[in-house]
Amino acid sequence: MEILDLSQVLALSSRLQCCIGSNGSAKVLAVAVRLGVTHGGNRSGSVPCWSAAAETDLRQSHPRSVRRWIARTCSRSPLSHPGSLRRKTEVGSSSGVLAPLLLSAIVAGCSLAPPVPEGVAPSHDEPPTGLLDGEAWWQSYNDPVLDRIVEAVLDSSFDLDAANARVEQARARAAIAGAGRWPRLVASATPQAVSAPTNTGIGAQLEGVELSDNSLGESGITLPERLDLTTYSAGLEFAYEADLWHRAGNAHGAADARQRAAEWELHAARVRVLTGTVGTYVEIVNLHRQQLISERIVEILGEWASLATLRYGAGLASARELYALRSQLAQSESELPRIEGLIVGAEGRLWVLMGGHRPDIEELLVHASLPIESTTPLPETIPTKLLLQRPDVRAARQRVEAARLDLGAHRAALLPSLSLAGSIGVASTEASNWFDPEQWVRNLSASLLAPLFDGRRLRKEAEAALARVRETVALYGRSVTTAVSEVETSLAAVRTSGMRLERLIAQEEAAGADASLAQRRYKSGVGNYSGFLAASYASLLAQSERATGERDLGYALLALHRSVGGAWRTQSDAPPAGGPPNNLDYP
């Protein structure tokens with residue numbers, strides 16, 4: 001069999017140039033599958049060598065049919081390939097190593113990663129640098145107490161520290177994955193001393209060919225009792241696995257995508273922590289306000305019940321009226337410990353978000369006001385582009401990209417791999433000869449390894465990677481759909497909560513006006529004290545309802561901030577890139 005040397009490989013690659021194409025999507029898979037390069041003949045146990053007859057067959061083929069064959073082979077699913085028993089071919093000269101290098105350059109761009117699924121928005125490689133219009137959306141409330149609390153949370157939140165650590169881990173893993181694309185170079189300096197008896201090793205081999213001490217003595221050779229040898233060596237060793245089928249490139253790209261997903265998840269954690277902080281602040285402020293109103297209600301009902309007791313003793317009030325007032329008083333008094341417990345629980349959640357108890361912040365919470373009046377105008381609709389900028393949506397998109405590239409790497413693991421290794425340095429029995437150029441040594445080798453059997457492990461790993469792609473696509477679709485639903489719900493909640501608050505404000509103003517009138521009538525002697533207490537009680541109930549309405553509006557605004565990932569204004573009116581997936585079947 002005639003062996004294909006380096007010049008023939010060059011001629012063949014030139015002949016098959018029509019099969020490669022400018023985009024590099026269809027590479028010469030046939031060369032990797034059918035080429036086994038040896039030096040000095042086809043050695044026993046090596047893979048079959050590329051023969052001149054095979055080259056002649058390709059030369060006589062129509063270029064278009066060759067292109068079709070290569071494209072068909074390169075796009076064939078590797079799931080039918082068995083997997084892992086490997087056969088090895090050694091290359092014993094530098095000219096023999098160049099052919100595998102050329103081979104790897106030819107097929108390195110043939111990525112087996114599938115295309116982006118239909119309906120998934122294009123991936124953006126830039127890392128998150130902050131939401132449009134800035135992330136300090138809470139400053140639009142012009143609440144200095146809230147600003148101080150948020151600043152403390154950003155400085156000491158355990159959740160954000162953990163999310164930052166996950167980003168650092170992802171960056172390190174991406175760097176580790178990228179290192180696999182580069183050669184490994186190791187420097188070595190080895191002194192080695194060997195001492196062995198003469199009747200072992202080479203001495204035993206001399207006895208095997210019937211060379212006794214007498215026969216060696218006749219030749220003037222005397223064997224010692226032991227053989228002692230000291231060798232000094234120093235050099236450089238390298239190892240490199242050619243990125244056939246873009247396996248290492250896909251693995252590195254998947255790690256990069258997971259890093260970007262972790263960065264967007266940090267962004268999402270930031271929004272989640274901030275909205276949770278503001279929501280807890282709104283709850284605490286409302287509870288303190290309700291506590292003051294409840295204390296005032298208890299005071300009013302206590303005076304009213306005392307007056308009813310006197311009226312009952314004078315026969316001016318019925319027992320039913322007295323018992324009804326006492327029941328209302330007891331119910332109002334029972335609200336005070338409940339509110340106190342809620343305040344303790346809400347403040348505890350705030351301390352957890354802040355990373356510890358802050359007495360200076362606790363003092364400010366008692367007299368803080370509800371942040372419901374934002375200087376940012378409310379939107380009527382939210383652009384789709386802004387929905388796709390939500391951190392959780394962007395993270396889900398990057399997870400789709402990571403799964404897609406992982407699938408390409410697993411598919412490439414089913415195909416042959418090419419490894420190059422070697423060393424160069426000096427070796428001598430004397431340390432003084434380390435720098436003698438005559439003592440240099442080198443070792444170069446190339447291995448073409450093809451998986452044959454591994455209990456279907458590689459095949460099942462590729463199938464699991466394909467299922468993972470389908471899973472991430474489905475989760476991406478759910479994240480986009482959830483984003484749309486949350487924005488619509490939040491806008492409706494803001495609108496309805498605002499309408500309800502307007503009516504509660506009107507009710508509170510009317511009740512306050514009635515209480516003021518009753519007070520003036522009582523002071524002028526026209527009205528009685530019971531009427532004044534009843535009007536004051538109704539006014540306090542209206543104030544409590546208004547505080548609840550303001551709290552609900554604050555929650556609705558927070559839900560809107562959370563649904564758009566922070567701010568809801570954009571700096572660009574560009575059309576949206578992509579949309580929710582409408583086809584979850586992956587090719």
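**Leu at position 160**

Does L160 count as buried or exposed? In this predicted model, L160 counts as buried, because its relative accessibility is 7% and the cut-off for burial is under 20%. The residue lies in helix 8, which spans residues 158–179.

Leaving aside neighbours within four places in sequence, L160 is in contact with V153, L154, L266, A269, R270 and V273. L160 and L353 are separated by 193 residues in sequence, while their C-alpha atoms are 9.5 Å apart in space.

**A nonpolar surface patch**

On the surface, L185, L236, F238, I424 and W440 form a nonpolar patch, and together these residues have about 520 Å² of accessible area. One of them, F238, is found in strand 2 (residues 226–241), and at 31% relative accessibility F238 counts as partly exposed.

**Aromatic pairs**

The structure holds five aromatic pairs. Among them is the pair of W137 and W138, which is edge-to-face, with 5.9 Å from centre to centre and 80 degrees between the planes. Both partners are buried, W137 with a relative accessible area of 6% and W138 at 6% relative accessibility. The rings of Y522 and F532 have their planes at 15 degrees and their centres 6.2 Å apart, so this pair is stacked.

Y522 is partly exposed, with a relative accessible area of 37%, whereas F532 is buried, with a relative accessible area of 15%. Together with Y529, Y522 and F532 form one aromatic cluster.

Key. Residues numbered from 1 in each chain as written. Predicted model: local features only at pLDDT ≥ 70, side-chain atom pairs only at ≥ 80, totals over all residues. Heavy atoms only, no water. Helix = DSSP H or I, 4+ residues; strand = E, 2+ residues; numbered from the N terminus. Buried < 20%, exposed > 50% of the residue type's maximum accessible area, 1.4 Å probe, protein only. Contact = heavy atoms within 4.5 Å. Patch = residues over 30% accessible without salt bridge, like charges linked within 9 Å, V, L, I, M, F, W, Y side chains within 5 Å. Areas by Shrake-Rupley, 256 points an atom, 1.4 Å probe, with all protein chains shown as cover. Salt bridge = Lys/Arg side-chain N within 4 Å of Asp/Glu carboxyl O. Phe/Tyr/Trp six-rings, centres within 6.5 Å; stacked < 30°, edge-to-face > 60°.
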